[in-house]
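Hi everyone, thanks for coming. Let me walk you through one structure this morning, and please have a look at it on the screen while I talk.

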Amino acid sequence: MQIYDSVQKNKRDFKPQEEGKVSLYVCGPTVYDDAHLGHAKSALVFDLLTRVLRANGYEVTYARNITDIDDKIIKKAHEQNKSIKEITDFYTLAFHKEMDALGVSRPDIEPKATESLTAMTQMIQKLIDTKHAYLTDEGDVYFDTASDVDYLSLSKRVQNEEERQERVESSTLKKNAADFALWKSVKDGSLTYDSPFGAGRPGWHLECSAMIEKHLAKPNAAFAVDIHGGGADLLFPHHENEAAQTRCSSNHALANYWMHNGFVNIDGEKMSKSLGNSFFLKDALKEYDGEVLRFYLLSTHYRSNFNFNTEDLTASKKRLDKIYRLKKRLFGMAESHEPTAFKAELLKALSDDLNVSATLALIDEMITKTNETLDTSGKHKELKQGTMANLAYIEELLGFGVKNPFEYFLFGMDEATKEKIDALIIKRNEAKKAKDFESSDKLRDEILAFGVSIMDTPNGTFWEKI
RNA sequence: GGUGCCAUCGCCAAGUGGUAAGGCCGCAGCCUGCAAAGCUGCUAUCCCCAGUUCAAAUCUGGGUGGCACCUCCA
């Protein structure tokens with residue numbers, strides 16, 4: 001398997017530290033608002049990664065955190081006159097529901113900041129003991145970036161002299177502009193947690209380092225985790241700071257491989273709430289099957305920037321439809337347990353830094369070839385069983401085609417409408433039988449008006465929601 | 001200003017030295033009462049210029065045009 005390392009900036013052969021075992025940590029959401037398409041993209045990318053790693057025989061331990069301590073959460077709680085926990089529980093539940101709709105498997109470990117405070121304060125203490133952190137007169141604890149010779153080695157940023165010399169306003173009492181908070185003292189009576197450094201709240205960067213240490217790191221390994229992932233925006237300062245905290249408080253570096261997924265834009269513009277509906281995942285899920293969104297968001301390579309628009313989304317839906325039509329065509333067939341060339345090629349393509357485009361090309365070629373053979377004559381038992389195995393592998397690796405194919409084509413249709421359509425189809429077939437094509441075509445137009453397409457086959461007339 | 005990424009058919013998008021995958025759209029055809037679905041065929045020399053090489057979309061240099069990060073952000 002090959003993985004592009006966004007710190008070394010090249011594709012590297014993947015080798016976990018411990019034979020056959022992979023530890024993966026991904027920065028998850030701050031639960032103060034509904035998830036947007038960018039959250040979906042990130043979750044989807046690392047879901048795919050874990051599937052491919054597992055298919056390659058690795059035993060993967062995947063952790064993705066939930067940030068439930070944050071100023072934005074507190075602000076929202078105040079605005080809505082609710083407790084912090086009400087807010088975080090609500091958005092955590094919503095996040096899970098939406099990820100489920102996208103077919104994103106749950107991580108093995110999902111640590112929360114509120115449940116990691118001991119790990120965090122322990123890490124701060126270590127950093128203070130080793131002179132990598134200092135306490136200010138106001139009770140804040142800052143990481144001393146000047147004490148870490150490797151600071152900025154991750155993002156390869158150059159700190160200019162001006163910045164280095166800068167003495168920040170006396171109120172913050174930071175030694176260096178780049179220094180970041182490990183613990184913020186809070187005296188205004190709002191939410192605080194106890195710590196040896198006084199009441200306050202942990203700095204945001206800290207939780208990931210602490211959680212990794214607590215849940216994934218092996219004491220004697222050179223790297224705390226094999227792979228660390230997240231959105232491209234997190235490389236600096238978030239991951240830079242995480243890396244600094246870990247290397248200065250323990251005897252290992254944070255991660256051997258770094259993976260950063262590209263950003264999602266909407267119609268060429270950076271996402272913002274002013275753009276309205278499609279910003280939130282929950283709204284997109286009202287309009288489209290979660291699996292269509294999954295297919296679409298994964299169809300572009302994870303490192304590229306992604307430009308969300310309905311035209312491309314429709315093209316993706318049509319591609320997914322083809323998988324489901326083949327599933328309908330072979331519905332009920334047994335599945336071969338023999339290895340197929342297709343499965344090997346699929347895994348090979350995905351193992352090349354998640355080359356989804358090459359993978360989708362393989363899938364389309366497989367579908368076309370199968371349909372072509374099926375069109376020519378009846379039998380082909382072996383082909384059918386092999387194809388069922390191929391489709392099952394596509395489900396396992398990519399999560400495409402996991403639904404009942406008949407139900408898939410009914411997305412968003414209520415019972416009453418379905419009954420109306422079925423009734424019209426019976427009427428149309430009667431007209432067809434009587435060779436009254438004028439009536440039957442008129443009835444078809446009525447059916448099409450429901451936003452469906454219909455197809456006459458030797459086995460009867462079927463319809464699909466477009 | 002600093003750091004970095006990108007530029008392939010109308011649209012989406014692979015391909016990182018050996019002569020341009022795949023999908024959507026479009027056109028022609030098979031099938032069909034007609035359609036739909038499915039299948040077949042057709043559609044690019046890779047932003048520009050110069051260079052390296054037997055050979056470049058792929059390497060180098062210079063342009064031009066996008067974009068991201070540097071502040072909370074997936």
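Let's start with K282, which lies over the face of F280, 5.8 Å from the ring centre. A charge counts as sitting over a ring if NZ of Lys or CZ of Arg is within 6 Å of the ring centre and within 35 degrees of the ring normal. K72 does this too: it lies over the face of Y32, at 5.1 Å from the ring centre.

A word on the background. This is a predicted model, where local features need pLDDT of at least 70 and side-chain atom pairs count only at pLDDT 80 or more, while totals for chains, interfaces and linings use all residues. Residues are numbered from 1 along each chain as its sequence is written, chains are lettered from A and ligands numbered from 1 in the order in which they are written, and side-chain values use heavy atoms, with hydrogens and water left out.

Now, rings with rings. Rings of Phe, Tyr and Trp (its six-membered ring) pair if their centres lie within 6.5 Å; planes under 30 degrees apart are stacked, over 60 edge-to-face, and the rest tilted. By this rule there are 14 aromatic pairs. In one of them, F14 and Y257 have ring centres 5.0 Å apart and planes at 55 degrees, so the pair is tilted. The two are 243 residues apart: F14 is in the loop between β2 (10-13) and β3 (21-26), and Y257 is in strand β10 (residues 253-261). Helices (H or I, at least four residues) and strands (E, at least two) are DSSP runs, numbered from the N terminus. F14 and Y257 are both buried, meaning under 20% relative accessible area with a 1.4 Å probe, protein chains only (exposed is over 50%, partly exposed in between). Together with Y58, F14 and Y257 form one aromatic cluster.

What about β10 itself? Eight of its nine residues are buried, so β10 is largely enclosed by the rest of the structure. Strand β9 (residues 223-231) pairs with β10 in the parallel sense over seven bridges; pairing takes at least two DSSP bridges.

Finally, the RNA. Which residues come nearest to RNA strand B? Of the 51 around it, they are K72, W204, G231, K318 and R444, where being near means a heavy atom within 4 Å. A polar side-chain atom of K318 lies 2.6 Å from a phosphate oxygen of RNA strand B, and one of R444 lies 2.4 Å from a base oxygen. And α12 gives the most to the surface near RNA strand B, with nine residues.

Terms used. A polar contact is a pair of N or O atoms within 3.5 Å; within protein, one must be able to donate a hydrogen and the other to accept it, and residues adjacent in sequence count only if both atoms are side-chain atoms.
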